[in-house]
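User: Could you walk me through reading a few features of a model I have just opened? I would like the general idea first and then the case at hand.

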Amino acid sequence: MARAVEAQALDVGYAAGSTVIAGLDLAIEAGTFLSILGPSGCGKSTFLRVVADLLEPLRGTIKVLGDDPHEVRQRRDVGFVFQDSTLLPWRTVRDNIRLPLAIGQSRLTRRIDDRTDELLDMMGIAPFALRYPHQLSGGQRQRVAIARALLGEPKLLLMDEPFGALDEITRDRLNDELLNLWRRSGATILFVTHSIAEAVYLGSRIIVLTANPGRIRKDVDLRPLKGDGNRCSREDPKIVAMMAEMRSALEAAS
Amino acid sequence: MSEPRLTALLQAILYPLFGAASLILAWQFLLPALGVPAYIVPTPTAILAIFAKSGALLLSNLWPTAIEALAGFVIGNLAAVILAIVFVHSRFLQAAYFPVVLFFNTIPVLALAPIIILIFGLGMTPKIVIAAVICFFPTLVNMIRGLGSASANEHELFRVLSATPWEVLWRLRFPRALPMLFSSLRIASATAVIGAIVGEWIGSDKGLGALIIQATFNYQSDRLYAAIVLSSVLSISLFVIVVALERRFVRY
């Protein structure tokens with residue numbers, strides 16, 4: 001199986017002397033839905049930023065889709081969804097989704113097609129296409145942000161607590177839609193969250209990081225538990241037991 | 001139109017009209033009754049009469065001031081926007097020169113005006129320069145803040161999309177700065193006219209500023225007040241243009 005991400009002996013830090021991630025070894029198979037849990041300051045978001053080529057590691061190697069992260073970014077094979085939707089307030093929903101088309105089409109190594117209409121339908125936001133972000137609810141804004149990230153048909157989708165600011169009903173609904181998207185696209189998703197329930201429900205694999213510096217505390221393949229389609233019920237006793245197991249791992253990591 | 005909306009509209013238009021009309025009436029009838037002489041405060045009808053009598057003279061003095069104010073407005077604000085763009089792209093230049101620029105801002109423009117006239121002579125140029133200098137600083141400060149106001153996430157989004165510095169400027173920084181740019185342009189619409197008139201006070205034989213000085217020394221107070229009304233009309237016109245542009249370009 002091809003590797004979507006492969007990190008070896010990865011050290012990452014911001015200023016001199018502050019190491020956020022230390023000696024991380026992690027291989028992620030293509031097509032995985034990886035949930036990343038960990039206490040604040042464990043480097044979850046930092047790791048996504050290294051994969052997205054927003055941040056250079058101090059030491060160690062990282063390969064994304066078998067390549068240097070910089071090449072992957074130039075090819076636009078990575079999509080990024082932030083916790084706050086980061087929609088541009090002066091652009092309509094439609095124009096926010098089309099932002100990737102406004103940048104680098106003639107310059108970057110891969111042209112992307114205009115799938116705006118398809119994505120508006122797929123994310124259920126077609127009725128709001130001409131509205132501005134401030135006219136949308138939090139859930140609708142996050143749908144727009146996901147649609148924008150999907151426009152370039154990324155092979156790897158990085159999500160940094162995308163549903164962290166939403167109410168639980170909206171979050172559950174978006175969880176199911178995200179799983180459907182993932183099953184259909186075959187993309188790899190790296191999903192950072194603070195919610196144990198969300199991490200277990202979504203992931204086909206789940207890792208728990210420790211804080212200061214970030215290392216892998218626990219690494220569980222959930223496929224044996226959930227079967228092929230990565231489907232489960234939030235009430236399934238085995239799932240509930242897994243959530244409890246993750247909670248104690250997280251408590252130990254904090 | 002529904003009744004509450006009609007009421008709101010009446011309140012928005014009728015009440016201010018009433019306020020203005022009551023003050024003008026008081027000016028027309030109360031001030032003369034109180035014994036305020038016409039050479040200090042002429043009545044509104046007397047000012048209107050001067051527009052009918054000396055319309056051509058007033059208009060011929062309006063144009064130079066209008067051109068100076070508008071040219072100063074455009075040049076001063078454009079220079080401020082360009083310098084702000086340079087500053088946000090070079091930490092060194094900003095650190096080295098922004099404090100110097102702020103120091104210059106503490107010099108009252110009125111004190112600078114004679115020097116500007118010494119340098120540029122008595123034509124329109126020094127008035128344009130004074131108007132431009134007055135517009136320049138508020139826009140520069142607002143624009144530097146506006147161009148730097150995009151969030152860290154917004155910059156990361158553009159980096160994920162592999163945007164060039166030009167794309168970041170044009171698609172992110174500049175639209176982010178627009179509301180702040182327009183708030184300083186609104187202020188500049190009044191100050192540009194002030195700059196042009198002050199310039200004309202110091203050395204000119206035409207323009208509203210020159211007319212104000214001549215009318216004052218000749219005790220032609222109706223002409224003086226007419227010139228003041230025209231200056232105000234000029235500022236309001238510039239302001240209306242700025243607001244119309246803002247409505248067109250800032251839609252959120």
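Predicted model: local features only at pLDDT ≥ 70, side-chain atom pairs only at ≥ 80, totals over all residues.

User: What is the order of the strands in the open sheet of chain A, and which kind of pairing does the sheet have?

Analyst: In general, the strands of a sheet are joined by backbone hydrogen bonds, in either a parallel or an antiparallel sense. Here the open sheet in chain A has 6 strands, ordered 5-6-7-3-8-9, and the pairing is mixed. At the edges sit strand 5 (78-81) and strand 9 (216-221) of chain A, each pairing on one side only. From one strand to the next, the twist averages 15 degrees.

User: In which sense do strand 3 and strand 8 of chain A pair?

Analyst: Strand 3 (residues 33-37) and strand 8 (residues 205-209) of chain A are parallel, with 4 bridges between them.

User: Now for chain B. How far does helix 1 of chain B reach from its first C-alpha to its last?

Analyst: Helix 1 of chain B covers residues 3-33 and spans 42 Å, close to the 45 Å expected for its 31 residues at 1.5 Å a residue. Look also for a kink of about 35 degrees, centred on Trp27(B). Helix 1 of chain B is hardly covered, with a count of 0 buried residues among its 31. After this helix comes Gly35(B), which has a positive phi, near 90 degrees.

User: Why does Leu48(B) count as partly exposed?

Analyst: The idea is to count neighbours: 20 or more other C-beta atoms within 10 Å make a residue buried, and 12 or fewer make it exposed. Leu48(B) counts as partly exposed because it has 14 C-beta neighbours inside 10 Å. You will find Leu48(B) in helix 2 (residues 44-53) of chain B.

User: Finally, how many residues of chain B are in contact with chain A?

Analyst: Interface size is often quoted as the accessible area lost when the parts come together. Here we can go by residue contacts: 14 residues of chain B are in contact with 19 residues of chain A. On the chain B side, helix 7 (152-160) and helix 8 (165-202) each supply at least two residues. The largest share, 6 residues, comes from helix 7 of chain B. By type, this side of chain B divides into 6 nonpolar, 2 polar and 6 charged residues.

Technical notes: Residues numbered from 1 in each chain as written. Chains lettered and ligands numbered in written order. Contact = placed C-beta atoms within 7 Å. Nonpolar A, V, L, I, M, F, W, Y, C, P; charged D, E, K, R; others polar. Expected span 1.5 Å × (residues − 1). Bend = angle between axes of the 7 residues up to and from the residue. Pairing = 2+ DSSP bridges. Axes fitted to C-alpha atoms, helices over the stretch in contact; angles between N-to-C directions.
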